[in-house]
Each structure stands twice: as C-alpha cells, then as structure tokens.
Amino acid sequence: MKHKFSAALAIVAAAALANAAIVPARAGDVIAEWSNAKAPPPPELKPVTVDAKTTALLMLDLLQQNCGRRPRCLAEMPAMKKLLDTARAAGVTVIYSGFGKIPPSDIIKDVAPTANEPMIHSDANKFENTDLDKMLKDKGVKTVIVVGTGANGAVLTTASVAVEKDYSVIVPVDGIAGNDVYSEQFTVWNLVNATPTFAKLVTLTRSDMIKF
C-alpha cells in the first residue's frame, strides 16, 4: 500500500513539474509594453460591386446625440449622404438604428430616413432584441453595408454579428467614425483579423469604391 501511495505521489509531482515548465514567464508590466506596440500597415481597400436587390445599407446611430457631437462623424456626412443617395437610387434596402427611445427626427438631417425607411432600437448589437435579421431575410438580403458611429461600438458589434449570421459585410472605412483614430483603426483591424471567417466575409472599402 505504501509503495502504491509513493508511486501515485511521484506521478502527481511529475505532472506538477511538467505543468510548471510550460507556464510562460510573467511579463514585467504588460501595460508598459503597450507603449512599444506598432500599428500594423493599413489594410487593403477593395472596390466592390453589389447586387442592389440583395444588399442593405445599415445606417447605425447617426444621431444628433452622438454623431452631432463628434467632429470626425460630422466630417463624414457628405460622403455618407452621397452613398445613401446612390443606394436609394439603386433600390437598396436602407435601415436605420438608434438607441433608447430616440426618434427618427434625431438622425443627422443630411442623412435622415424617408417615411418608408425603418428605424430599429438597440444597444451596440443591432440584431439584439430587434427584428433586423428577419427584416433582412424577408427582403432576401445577403450583403450588408455597415456605416455609422461609433466604430468600436455599433459598427464593430453589428458587423461581427452579421458575419456570424453568414451575411457578407462591406465596411466603408470613411463611414465608421469613432471618438478618435485609434478606435477606428482597431475596429478595421479586428474585422478582418478576428477569425478566418471574418477575413472571408468582410470587405474593407471606401464609400466611393462601392458600385450598385
């Protein structure tokens, strides 16, 4: 019995040593290391041509309450208006979003919805507690163009969930304003590097590189 116990103890001790050997050395100060991080090179932006009948333009949270207070967002409105006008002319489905109980009248005037363009309300994930997925499927939509603010909030979260639901996702980088450049850069990097599926289903572009 004594020999069996000793053998078992030896096995446990050996396993503990093996586990200890594979534990990596602890970083001195991981936050301090962040200052040495270098930004990756800019991603490749690709021209895209979409089928208007199976594409939807998601205009996320372009509201007076947030976009109206973000200079970077307001600076993008001329390009977003042009994209919106072109999409409408091609017959693309347009869906707006907001948060809380904010009405459509609070959307930035230059890109405000028409009477027949719906607005859904949710937090960052616009599929959560809304009929967005059903609305898209009912229209036969397979591709979504995601624009809005903030980059690392509604844009990143909604685009990511769209990928998980097997939609092709197009992200014009000149239409995803954040509070700062870093949040936009992080969002773009994450959308094409998170997983191989993201790299396959997400296309980065500019608004003037999209054709309907």
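Reply: Helices (H or I, at least four residues) and strands (E, at least two) are DSSP runs, numbered from the N terminus. This is a predicted model: local features need pLDDT of at least 70, side-chain atom pairs count only at pLDDT 80 or more, and totals for chains, interfaces and linings use all residues. Residues are numbered from 1 along each chain as its sequence is written, and side-chain values use heavy atoms, with hydrogens and water left out.

Me: Where is Asp 166 found?
Reply: Asp 166 is not a glycine, yet its phi is positive, about 70 degrees. Its place is the loop between α5 and β6 (168-172).

Me: Is Asp 166 buried or exposed?
Reply: Buried means under 20% relative accessible area, exposed over 50%, partly exposed in between (1.4 Å probe, protein chains only). Asp 166 has 61% relative accessibility, so it counts as exposed.

Me: Is Asp 61 buried or exposed?
Reply: Asp 61 lies in the loop between β2 (55-60) and α3 (71-90). Its phi is positive too, near 55 degrees. Relative accessibility is 5%, so Asp 61 counts as buried.

Me: Which residues does a cis peptide bond join?
Reply: One of the two, Gly 150, sits in the loop between β5 (143-148) and α5. Omega is about -5 degrees, and the bond joins Thr 149 and Gly 150.

Me: What share of the chain's residues count as buried?
Reply: The chain has seven helices and eight strands. It holds 212 residues, and the buried share is 41%.
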